[in-house]
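Please keep the sequence and the model in view while reading.

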Amino acid sequence: WYKHNLNIEAMKKAAEQICGTHDFTSFCAANTSITDKVRTITECIVEAKDGLVEISVSADGFLYNMVRIIVGTLLEVGTGKIKASAIKQIIESKDRERAGFTVPPQGLYLNRVFYKG
């Protein structure tokens, strides 16, 4: 649970900027041994439903804690701590310190996996 008022429209604008092929170093746990941090996010959707906020992220792959950091960043956009327009600069900076906090894993689940082949 996140007990703060959220600007859902700002979160949606920020989520749009997360979509695409980027180096997601800013959205990865700091102590990872993975060198290639380029991923393609095909969808990042923020929806408010019945008093709950649902954030869905689809991609070709995820880095360690990537979704949890994306959600934390979107929550900070929703509370005004981070501007929606700053997402591009956060991605380009490749600096974990510029992104939002890592949300706890409760409430996070893997919906489905698609395999190419």
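Which residues does leucine 74 touch, not counting residues up to four places away in sequence? Leucine 74 touches Met11, Ala14, Ala15, Ile18, Cys44, Val46 and Ile55, where contact means heavy atoms within 4.5 Å.

## Basis of the report

The model is a predicted one, in which local features need pLDDT of at least 70 and side-chain atom pairs count only at pLDDT 80 or more, while totals for chains, interfaces and linings use all residues. Residues are numbered from 1 along each chain as its sequence is written, and side-chain values use heavy atoms, with hydrogens and water left out.

## Packing of α1 against α2

Helices and strands are named here from DSSP runs, numbered from the N terminus (H or I of at least four residues for helices, E of at least two for strands). Helix α1, residues 8-18, packs with helix α2, residues 66-79, at an angle of about 145°, and their axes are 8 Å apart; the axes are lines fitted to C-alpha atoms over the stretch in contact, and angles run from 0 to 180 degrees between N-to-C directions. The crossing of α1 and α2 is right-handed, a term used when the near helix is turned clockwise from the far one by less than a right angle, with anticlockwise giving left-handed.

On the α1 side the contact is made by Ala10, Met11, Ala14, Ala15 and Ile18, and on the α2 side by Ile70, Leu74, Leu75, Val77 and Gly78. By class, this contact of α1 with α2 has nine nonpolar residues, one polar residue and no charged residues, given that Ala, Val, Leu, Ile, Met, Phe, Trp, Tyr, Cys and Pro count as nonpolar, Asp, Glu, Lys and Arg as charged, and the others, Gly among them, as polar.

## The nonpolar core and the aromatic pair

The structure holds one aromatic pair. The ring centres of phenylalanine 24 and phenylalanine 27 are 6.0 Å apart and the ring planes stand at 65°, so the pair is edge-to-face; rings of Phe, Tyr and Trp (its six-membered ring) pair if their centres lie within 6.5 Å, with planes under 30 degrees apart counted as stacked, over 60 as edge-to-face and the rest as tilted. Both phenylalanine 24 and phenylalanine 27 are buried, where buried means under 20% relative accessible area, exposed over 50% and partly exposed in between (1.4 Å probe, protein chains only).

## Backbone and accessible positions

Most residues other than glycine have a negative phi. Aspartate 50, in the loop between β2 (38-49) and β3 (52-59), has a positive phi of about 50° although it is not a glycine, and counts as exposed because its relative accessibility is 84%. Lysine 94, in the segment after α3, likewise has a positive phi, of about 55°, and at 48% relative accessibility lysine 94 counts as partly exposed.

Valine 38, in strand β2, is partly exposed with a relative accessible area of 39% and, leaving aside neighbours within four places in sequence, is in contact with Thr21, His22 and Asp23.
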